[in-house]
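Please read it beside the coordinates.

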Amino acid sequence: MKTWNIRDQTDENLMKELSKTYKAINAAYKMVRQAANIEDAKYYIDLVFRKKALASNIEVEILRREINHGKEE
């Protein structure tokens with residue numbers, strides 16, 4: 001079984017994954033505010049940082065593709 005790889009995805013799939021990731025980040029922040037104790041809050045904060053790292057990787061891949069296809073700023 002092949003694992004999910006950013007470079008293997010189409011631009012459309014990357015944008016969908018990026019929007020899902022940002023929705024998950026917002027949901028995790030909401031859960032942090034509702035956390036009953038500090039351990040739960042730490043778990044959700046860790047989840048947010050992992051999701052932000054994924055979002056950053058996706059954004060970098062999108063920028064790389066734009067630069068490689070001649071759409072420089």
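1. Which backbone oxygen lies 3.3 Å from a polar atom of the side chain of Gln9? The backbone oxygen of Asn5 does. This is a polar contact, defined as a pair of N or O atoms within 3.5 Å; within protein, one must be able to donate a hydrogen and the other to accept it, and residues adjacent in sequence count only if both atoms are side-chain atoms.

2. Basis of the values. The model is predicted, so local features need pLDDT of at least 70 and side-chain atom pairs count only at pLDDT 80 or more, while totals for chains, interfaces and linings use all residues. Residues are numbered from 1 along each chain as its sequence is written, and side-chain values use heavy atoms, with hydrogens and water left out.

3. Gln9 sits in the segment before H1; helices (H or I, at least four residues) and strands (E, at least two) are DSSP runs, numbered from the N terminus. Its relative accessible area is 18%, and Gln9 is therefore buried (buried is under 20%, exposed over 50%, partly exposed in between, with a 1.4 Å probe and protein chains only). Apart from neighbours within four places in sequence, Gln9 is in contact with Trp4, Leu14 and Arg65, where contact means heavy atoms within 4.5 Å.

4. The structure holds 7 salt bridges, each a side-chain nitrogen of Lys or Arg within 4 Å of a carboxyl oxygen of Asp or Glu. In one of them, Asp11 pairs with Arg65, with the closest N and O atoms 2.7 Å apart. This pair links distant parts of the chain, 54 residues apart: Asp11 is in helix H1 (residues 11-34) and Arg65 in helix H2 (residues 38-68). Asp11 is partly exposed at 44% relative accessible area, whereas Arg65 is buried at 11%.

5. Salt bridge network. Arg65 also forms a salt bridge with Glu61, the closest N and O atoms being 2.9 Å apart. Glu61 and Arg65 are 4 residues apart in helix H2, about one turn. Salt bridges with shared partners join Arg7, Asp11, Glu61, Arg64 and Arg65 into one network. Glu61 is buried, with a relative accessible area of 4%.

6. Glu17 and Lys20 meet through their side chains at 3.6 Å, N to O. The two residues are 3 residues apart in helix H1, so about one helical turn separates them. Lys20 is exposed at 53% relative accessible area. In general, an α-helix has 3.6 residues a turn, so residues three or four places apart point the same way.

7. Helix H2. H2 has 31 residues and reaches 45 Å from its first C-alpha to its last, close to the 45 Å expected at 1.5 Å a residue (the expected span is 1.5 Å times one less than the number of residues). Its buried residues include Ala41, Tyr44, Val48 and Ile58, and the buried residues of H2 pack against H1. After H2 comes Gly70, with a positive phi near 85 degrees.
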